[in-house]
Amino acid sequence: MKLSFYGAARQVTGSTFLLELDDDYRILIDCGTDLSGKEKTEEEHEDSFGLFPFDASMVNLVMLTHAHIDHSGQIPNLYREGYEGQVLCTEPTLELSEILLYDAASLYQRKLKAIEKNKKYSKKRKAIKSGPYYLSSQVNHAMDNFVPLSYNNRFKFKDKGWVTFLPAGHLLGAAHILIEVENNGKMETICFSGDVGRRNYPLLPDPFPVPEVDYLVCETTYGDRQHEDNEDAEKRLKEIIQECCIDVPGRLIIPTFSVGRTQALLYTLNKLYDKHEIEPIKVFTDSPLARKSTEIHEKYSRYLNDEAREIKSLDDTLFDFENLHYLKTNQESQSIAYHNEACIIISSSGMITGGRIEHHIAENIENPYATVLFIGYATEGTIGYRLRNKEISEITIRGTRKDVNANIRSTDVFSGHGDLEDLVHFAKQQNPEKLKKVFLVHGEIDSMLNFKTVLESEGFKNIEIPEKGEVFEI
């Protein structure tokens with residue numbers, strides 16, 4: 001067998017792994033968008049088959065760990081390039097992928113229309129048209145081929161080949177993928193971790209134990225650090241709201257991701273309001289995508305943790321409370337600028353790279369009574385990254401320069417990624433003596449090197465940190 005690493009190799013995003021079995025049956029595990037902003041090298045262009053460094057028409061099956069765009073975002077293009085097979089995933093992953101992929105297609109169309117208006121940007125228009133983008137019609141075609149599987153169901157995908165999706169935490173429906181194949185009369189097993197979730201996280205179950213395997217492909221996002229905030233999420237959020245909205249009446253603006261992070265935040269707010277632990281200030285949620293995602297979380301509440309399912313059985317809702325207001329139109333979104341009482345505004349994107357959050361930041365960044373609270377990861381170079389790291393005293397947003405007078409805060413209590421301790425716990429479910437090889441992916445190189453050192457101290461051997469495009473015989 002061969003295992004090739006075409007994404008998330010020595011970087012966080014773009015997960016794409018190709019497993020070729022001994023009978024030339026080819027399985028693609030994830031097909032994600034590279035969000036790093038790195039340009040392809042000349043060698044990568046020369047080695048590519050269109051948009052991919054492999055022939056999409058030769059792939060037999062896709063298995064998807066979860067819906068986040070850095071794992072699912074290039075699936076429509078896979079079909080455009082000749083893929084004709086199915087995409088196996090869990091039910092929630094199917095529905096969350098659908099709204100995320102349509103959103104990505106819509107964003108591309110808006111970008112193209114804006115560029116078409118200005119002929120000066122012909123080079124940019126050409127780059128976008130030839131880039132890794134797609135239309136809603138291509139999302140339609142892709143979604144017709146998604147096939148949902150239940151957790152813990154050993155599914156036979158070919159003769160002498162089985163797959164099992166195990167709960168991974170991290171996001172609704174996210175899975176560790178366990179593949180078993182009979183290779184030359186001998187059973188071989190390989191696990192792709194996907195993104196390892198955080199234990200005791202709001203809403204989601206803990207990552208499920210993985211049986212002993214021969215090969216492990218493990219993410220390393222937090223491979224060199226622990227979470228800074230170890231407080232209970234309710235307690236930490238209550239403290240922040242008290243300081244930012246009640247002790248000194250002000251606005252709390254929270255840039256966040258629409259799928260997953262927003263729901264964990266709303267769930268925690270719902271519990272605080274239900275227990276009357278904070279004053280009933282208004283909460284505005286301003287993201288159409290987040291609204292759709294919240295409906296999917298309600299629909300698939302059986303995939304959530306025991307506490308969430310118990311609350312759902314008693315109250316019939318996990319995310320709605322008296323002072324919560326969903327903003328639907330752009331006019332409603334913009335009118336919040338005139339709301340003169342203390343409030344919480346939750347909007348996307350989490351990195352402040354487009355979306356309605358730009359309006360809220362532009363309106364409030366010069367207000368010393370406003371607080372911008374970051375609860376998620378922000379890529380280097382984005383406004384979110386520069387604000388979170390307090391690198392700038394002014395920003396240019398929507399074409400206007402603004403002084404940064406608002407308070408900037410951050411917490412990782414809502415991070416959906418397991419930290420170093422969680423990753424070690426996940427890896428130690430394996431027997432170092434039986435494990436033939438560990439491949440570290442989905443992390444910055446410093447994180448990978450540190451995690452490799454930690455694993456070696458725990459007795460693990462044969463640990464690889466693949467380069468992009470590297471192929472291993474297994």
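Predicted model: local features only at pLDDT ≥ 70, side-chain atom pairs only at ≥ 80, totals over all residues.
Which residues form a negative surface patch? Hello everyone, let's start there. The residues are E380, E391, E444 and D446. A patch here is made of residues with over 30% relative accessible area and no salt bridge, with like charges joined within 9 Å. Asp and Glu count as negative, while His and the chain ends are not counted. The place of a charge is taken as CG of Asp or CD of Glu.

Residues are numbered from 1 along each chain as its sequence is written, and side-chain values use heavy atoms, with hydrogens and water left out.

Back to E380, then. You will find E380 in the loop between β16 (370-374) and α13 (383-388); helices (H or I, at least four residues) and strands (E, at least two) are DSSP runs, numbered from the N terminus. E380 counts as exposed because its relative accessibility is 63%. Exposed means over 50% relative accessible area, buried means under 20%, and partly exposed is in between, using a 1.4 Å probe and protein chains only.

Now to the aromatic rings. Rings of Phe, Tyr and Trp (its six-membered ring) pair if their centres lie within 6.5 Å; planes under 30 degrees apart count as stacked, over 60 as edge-to-face and the rest as tilted. By this rule there are 13 aromatic pairs. One of them joins F5 and F17, edge-to-face, at 5.7 Å centre to centre with 65 degrees between the planes. F5 sits in strand β1 (residues 2-7) and F17 in strand β2 (residues 16-20), so this pair ties together parts that are twelve residues apart in sequence. F5 and F17 are both buried.

Another pair is Y6 with F54, which is tilted: 5.3 Å centre to centre, 40 degrees between the planes. Here distant parts of the chain are linked, with Y6 in strand β1 and F54 in the loop between α1 (42-47) and β4 (61-63), 48 residues apart. Y6 and F54 are buried too.

Take D23 and K158, whose closest N and O atoms are 2.9 Å apart. D23 lies in the loop between β2 and β3 (26-31) and K158 in strand β7 (residues 155-158), so parts 135 residues apart in sequence are tied together. D23 is partly exposed at 44% relative accessible area, whereas K158 is buried at 16%.

A second example brings R26 and D24 together at 3.4 Å, N to O. R26 is buried, at 17% relative accessibility, and D24 is partly exposed, at 41%.

E298 is in helix α9 (residues 288-299) and K312 in helix α10 (residues 306-315), 14 residues apart. Both of these residues are buried. There is also a network, in which salt bridges that share partners join D229, E231, K235, R236 and E239.

Let me finish with F460, in the loop between α15 (445-457) and β21 (463-464). F460 is buried, with a relative accessible area of 4%.

Methods: Patch = residues over 30% accessible without salt bridge, like charges linked within 9 Å, V, L, I, M, F, W, Y side chains within 5 Å. Areas by Shrake-Rupley, 256 points an atom, 1.4 Å probe, with all protein chains shown as cover. Salt bridge = Lys/Arg side-chain N within 4 Å of Asp/Glu carboxyl O.
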